[in-house]
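Student: Could we go through this structure together, starting with its pockets and then moving to its rings?

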Amino acid sequence: MVKTSSKKPRGTAPIDPMPARVDPCLATLVDKPPKGPDWAYEVKWDGYRLAVHIEPGRVRVLTRGGYDWTERFPTIVDDARPLAVKTAILDGEAVVLDDEGRSDFGMLQRALGRLPSAVEAGAIVFYAFDLLYLDGRDLRRLPLRERRRLLEPLVAGREGAVRLSEEVQADGDEFFRVACAHGLEGIIAKHIDKPYRSGRGEWWQKITCKRRDSFVIVGFEPSTAPGHLGRLLLGARKNGQLVYVGGCGTGWSNELSRELRKLLEGMVTKSPAVALKRKNAVFTEPLLVAEVEYRAWTEDRKLRHASFKGIRPRENDPAVYRVES
């Protein structure tokens, strides 16, 4: 009988199983960019966080909450197929760019077909900023600088639907100032020596030119103009329930005002999701989430100078703003 060795040949790297899904690493909101050579900076994209899974024979596109949205991003799928990999997981953001090259969440919403739009789905671009898995290797244990070193040759210089989110080695304060001056949402700072860790932590930090969060739409107030939206009524999470945190009455065009009003009228309920009594309020089922930009909170925990930026289905509660008890 011939004996066989159980030892692996020298130089053969162990094969890591490809994760079916990876919970994303999330950035913590801070007031100022961190300083030092251990930090790199990127533009904060205004879109949908996605993971693109390239597998033998197929490409899958998963949302931050784990939903399979492959069919909603056909151009990203088509452009990911010819990448020079057998298997990979790209972490990044799907966006639509305006005429100034800035990501516009409202345009993305329209391209995805939630509301009528002249923006085509082909306008959606996926900016990859991390590589979590590559050809049998789980890269999450590697420091960011190593993951970026492997990512850049795959997508750098591409002009299609899959592109590289450029990393900037610069003074954080100056980069933030320039980003705000150009009308961007803000910047992301990442520690180049840290591994990839799911969940929110200090190794990724976001600095926004204005605050922006997700709130559940719990109702609306009609406009004095027939068929138009006057004000959205918003809720946040607190102790497992929704609480009213104010509303917003700006951020939409006349056309979008009518479209939103019609959409919400199809969700009217007699059972409010929040404890609120307002004379002109029309309450809706808490099925939609509004992306809202605002400057601050009032002393009674209401949004100050809130402006509507986009709308999406209520997929997962952790994405909805939570009010501290």
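Student: Which elements each supply at least two residues of the lining of the second largest pocket?

Tutor: Keeping in mind that this is a predicted model, the elements that each give at least two residues to that lining are α2 (105-111) and β18 (307-313). The largest share, five residues, comes from α2.

Student: And what volume does the second largest pocket have?

Tutor: Its volume is about 570 Å³, and of the 30 residues that line the second largest pocket, the closest to its centre are D46, D104, F105, R212 and K309.

Student: What about the largest pocket, how many residues line that one?

Tutor: The largest pocket is lined by 42 residues, with L26, K44, R64, R200 and K206 lying nearest its centre, and its volume is about 1200 Å³.

Student: How does that lining split by class?

Tutor: In the largest pocket there are 20 charged, 14 nonpolar and eight polar lining residues, while the lining of the second largest pocket has 12 nonpolar, 11 charged and seven polar residues.

Student: Changing topic, how many aromatic pairs are there?

Tutor: A search of the whole structure finds 10 aromatic pairs.

Student: Why is the pair of Y196 and W204 called edge-to-face?

Tutor: The ring centres of Y196 and W204 are 5.8 Å apart and their planes stand at 85°, so the pair counts as edge-to-face, the cut-off for that class being over 60 degrees.

Student: Are those two buried or exposed?

Tutor: Both Y196 and W204 are buried, and the charged end of K190 sits over the ring of W204, 3.9 Å from its centre.

Student: Which residues do ring pairs link into a cluster?

Tutor: That cluster consists of Y48, W69, F73 and F105, and R72 lies over the face of W69, at 4.2 Å from the ring centre.

Methods: Residues are numbered from 1 along each chain as its sequence is written. This is a predicted model: local features need pLDDT of at least 70, side-chain atom pairs count only at pLDDT 80 or more; totals for chains, interfaces and linings use all residues. Side-chain values use heavy atoms; hydrogens and water are left out. On a 1 Å grid over the protein atoms alone, a cavity is a set of points where a 1.4 Å probe fits but cannot get out, and a pocket is an open set with protein on both sides within 12 Å along at least five of seven lines; lining residues have an atom within 4 Å of a point. Grid points are joined across faces, edges and corners, and a volume is the space filled by probe spheres set on the points. Ala, Val, Leu, Ile, Met, Phe, Trp, Tyr, Cys and Pro count as nonpolar, Asp, Glu, Lys and Arg as charged, and the others, Gly among them, as polar. Helices (H or I, at least four residues) and strands (E, at least two) are DSSP runs, numbered from the N terminus. Rings of Phe, Tyr and Trp (its six-membered ring) pair if their centres lie within 6.5 Å; planes under 30 degrees apart count as stacked, over 60 as edge-to-face and the rest as tilted. Buried means under 20% relative accessible area, exposed over 50%, partly exposed in between (1.4 Å probe, protein chains only). A charge sits over a ring if NZ of Lys or CZ of Arg is within 6 Å of the ring centre and within 35 degrees of the ring normal.
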